Amino acid sequence: MAAYNKLNEVLKAKEKLEKENLGNSDGSMRLDDTQRVKVLSPGRLVFKRFIRNRLAIVGTVVLIAMFLFSFLGPLFYPYGQRDRFYKYGYLNIDYAYVEQRSEFSMLPLDEELKADSSVTNFVNAKIKEMLAADASSSYLSDKEGNIYCLSATENEKVYTLAAVETELDGNYVQREFIADFTFVANQITYSQGAELPEEFWNLVKAAVSDKSMVFTFEGSEYAVELVKKPSYAVYCTSNDSYVGTGASDSAFVEAVRAADKTGVFVYGGRTYHFDPAENGGVDVLLEVGTTPCELATTFVFDAYDPVDVPLFTDEFKVSAIGAVAAGSDSFEYGGKSYTVNTGDGHITVSDGEGDFARLSTLVVRRETGEDTLSIDFKDAVAATLAELQENNLAKLEFNYMMPEMNDSGDLVYDENGNVQSIETEITLVRKNQSYELWCEQMKQLIDIYASPSLAHPLGTDGDGYDILARAMYGGQVSLMVGFVVVILETILGVIMGGIAGYFGGWIDSIIMRIVDIFYCIPSTPILIIIGAFLDDLQMNEYVRLIWMMAVLGFLGWAGVARLVRGQILSLREQEFMMAAEATGLKVRRRIYRHLVPNVMPQLIVTATMGLGSVILIESTLSFLGLGVKHPLATWGTMINSVATSTETMTRYAYIWIPVGMLICLTVIAFNFVGDGLRDAFDPKMKR
């Protein structure tokens, strides 16, 4: 008992000594110390191996910087990826257009009597015919048979279109219907009278056969007309008749007979018109009056004061042009008197307080069609145009005092509040049958390809977007694509590889053959075809991004599946798996709770190293126009925006070089981290 107590005291003393010293006398830890086992646990051991790898630490720092840049940067940067920036600068713009009016336009005198377009569309052609024939009037008809008279006025630039009122005078029949004849059935249907002999019908057949369609029988002339094959109508053209008020006047009937049945004729100082009748003849219509309904003119109205432009209604224009056409020097409109002056070579309308408007055939308008240009400016243009035409030039410059604008695009005023003017060179350029006016003006422009500055540290691109902002948002998309695709690949690969490796046999053979097929799929042509298909659908850029990630994930799972299968084939024969099977655990639990966790180190390494490859693939597809589409920013689309030519890439190197460096740094960093994880999990591989 005493010996036992003594031994107990010795052990207590030793335990006390260990607690006080924790090891050797010099304070170092012994090999058999229990705390040493805690320090060398697997997780901490992997972590210590990883942080000892300098390249892995560098890669980790770079990736952290990329994530902060892409996901936190936009929160503090004031611009978005689609914020377009503008600047003011001088631009040689299309300031106005000039046209010498030669085509007549229509102004309605009465909306109810307004002619149909089938008439007004032919007014210009009729006026040209009248000028060529030196005629003072001409007639037109619409689809419903209404007749209109187009008449010249005292002014050669104004014509009057009037609706013609007529009444029926009589009916003229130029030919007498004999019978209908059908070739196939040899059937004859007479209108009236005695039947004609067979010789007559032989002549009819001969006229149709030789396509002359006319013949003579017993001194009379006949004509054959196709109705609808095989039916023909036979007419006698030797006898004509006129039934109407003028039938007793042989001279009048002779005038009807001699007239062109598609036009008009005058007899006894009265005008007659023809209209097709149902009996095969024509109705002779007597013109009893006309009602003016529209004016055709080449005049345009130039305002002396742009404020007065809205006052030039169609009614006002009709009143003014009507006075000019009638040679009058005044007219009334809206209860106010206006004066028409033609003394200075221009037709000017005055309202008693000064010149109000000017009639001209030279159209000088802003590109928007607005009449905001001064009369003096239009006179300068007219003089320049005359010189250009006289010398047969393609363009001609002249100087004119234009309103001055500052760098912000605002008008410059003097101390009295008046707009200052600056002498500006204006170019008149011939464009086919019209002319254009070009001059330099301060305009708000999209700030494209701006060089790096304090406002835009990396400058702007061809759309006026801030490059730094788009690089941040582009990093979000590129990194997101990398992670989503790798996650999809890993999920599919773990499922397929886990099933194949655990069950083996025919299941393994089928899955591995599927893996072989996916290895053989030509990914690049498939992606090109899918990109073209999505282009044709004009799909939303975000939906297109989702489709691209899904396709990349679906095409890339085969490598992960083969890795998981190989690992599980070796792990499933281990003792812990036999114990799990003996305890009766379900197959799914054995695979995903015992086998897959043991494959995770290899999966983490593979996924980390695969992230860089996916980012490169996405950038390449976007660069080729097959991936994400503009204006959604990705690093690939940003490089593509300046990849039009060698000169462009050289000139705008400040756009693609920083973005290219971001891609390179991110891919290299993922590779460094992947190498570090591989060495940390399996240090033997490094040795």
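Q: Buried means under 20% relative accessible area, exposed means over 50%, and partly exposed lies in between (1.4 Å probe, protein chains only). Which of these classes describes aspartate 110?
A: This is a predicted model, in which residues are numbered from 1 along each chain as its sequence is written, local features need pLDDT of at least 70, side-chain atom pairs count only at pLDDT 80 or more, and totals for chains, interfaces and linings use all residues. Side-chain values use heavy atoms, with hydrogens and water left out. Because its relative accessible area is 31%, aspartate 110 is classed as partly exposed.

Q: Between which elements does aspartate 110 lie?
A: Helices (H or I, at least four residues) and strands (E, at least two) are DSSP runs, numbered from the N terminus. On that basis, the loop holding aspartate 110 runs between strand E2 (105-108) and helix H5 (117-120).

Q: Where does leucine 72 lie, and what is its relative accessible area?
A: Leucine 72 belongs to helix H4, which covers residues 54-76. Leucine 72 is partly exposed because its relative accessible area is 38%.

Q: What percentage of the residues in the chain is buried?
A: The chain has 21 helices and 23 strands. Of its 687 residues, the buried share is 38%.

Q: Among contacts in the chain between residues at least 6 apart in sequence, what percentage joins residues at least 24 apart?
A: Contact here means heavy atoms within 4.5 Å. Among contacts between residues at least 6 apart in sequence, the share joining residues at least 24 apart is 62%.
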